[in-house]
Amino acid sequence: MKSYAFSECEWCFGAGCNQCTVERKKYEAELQEKLDNPQPIFSAKTDNPHDMKLMKRFFGRNAVEHAFGEDGDGPLEMERNGCIASLIQLLHKDHPKPDEHGVEAEITDLSALSKEIQDLSKAE
Ligand SMILES: [Zn+2]
């Protein structure tokens, strides 16, 4: 039965059990569902100034020029930008009033984080 073990099985965690096949089929169906219905990596409301600021910061001309420039990671960098922009958008939803730990601070911190992630992925 070991050869039919499914590493993502939530019952046996890949050791092999009689639910592995069911779990594999469930996993493959979920994966196919995601592939068939791609979601945007970031969506902005045009009447929301904060959203538009994020849009400009992470998808504006400077961001695109950096991503596809000499030091850029191309599409991967744009993908990362989308993740960071979505994260900041979520944080902003929870804490809409800017203060000393507000949106600008978040953007600065997360830009540094993005740079770190970029450096790490280049090192691999
Ligand atoms: Zn199993």
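## Basis and confidence

The model is a prediction, in which local features need a pLDDT of at least 70 and side-chain atom pairs count only at pLDDT 80 or more, while totals for chains, interfaces and linings use all residues. Residue numbers start from 1 along each chain as its sequence is written.

The mean pLDDT (the predictor's confidence in each residue, from 0 to 100) of the protein chain is 84, and 75% of the residues reach 70 or more. Confidence is highest in helix H1, at a mean of 95, and lowest in helix H5 (residues 103-123), at 63.

## Overall architecture

The secondary structure consists of five helices and zero strands, where helices (H or I, at least four residues) and strands (E, at least two) are DSSP runs numbered from the N terminus. Read from the N terminus, the order of elements is α-α-α-α-α.

Of the 124 residues in the protein chain, 10% are buried; a residue is called buried if 20 or more other C-beta atoms lie within 10 Å of its own, exposed if 12 or fewer do, and partly exposed in between, with C-beta atoms placed from the backbone. Among contacts (C-beta atoms, placed from the backbone, within 7 Å) between residues at least 6 apart in sequence, 33% join residues at least 24 apart.

## Helix H1 and the segment before it

Helix H1 covers residues 20-36, and its end C-alpha atoms are 24 Å apart, in agreement with the 24 Å that its 17 residues should span at 1.5 Å a residue; the expected span is 1.5 Å times one less than the number of residues. H1 lies largely in the open, because the number of buried residues among its 17 is one.

Val22 belongs to H1 and is partly exposed, with 13 other C-beta atoms within 10 Å. Val22 and Phe6, although 16 residues apart in sequence, have C-alpha atoms 9.4 Å apart in space.

In the segment before H1 lies Phe13, which counts as exposed because it has 12 C-beta neighbours inside 10 Å. Most residues other than glycine have a negative phi. Phe13, which is not a glycine, has a positive phi of about 55 degrees.

## The largest nonpolar core

A nonpolar core is a set of buried Ala, Val, Leu, Ile, Met, Phe, Trp, Tyr and Cys residues joined through C-beta atoms within 7 Å, and the largest one here has six residues, namely Phe42, Leu54, Phe58, Ile84, Ala85 and Ile88. Helices H2 (49-59) and H4 (75-94) each supply at least two residues of this core, with H4 giving the largest share, three residues.

## Helix H4 and its two faces

The 20 residues of H4 reach 29 Å from the first C-alpha to the last, close to the 28 Å expected at 1.5 Å a residue. Its buried residues are Glu77, Asn81, Ile84, Ala85, Ile88 and His92. They cover an arc of only 105 degrees around the axis, so they lie on the same side of H4; the arc is that of the directions from the helix axis to the C-beta atoms. On the face turned away from this buried side, H4 carries the exposed residues Pro75, Leu90, Lys93 and Asp94.

Glu77, a residue of H4, is buried, with 22 other C-beta atoms within 10 Å. Its C-alpha lies 8.8 Å from that of His66, and Glu77 and His66 are 11 residues apart in sequence.

How values were computed:
Two residues are in contact if their C-beta atoms, placed from the backbone, lie within 7 Å.
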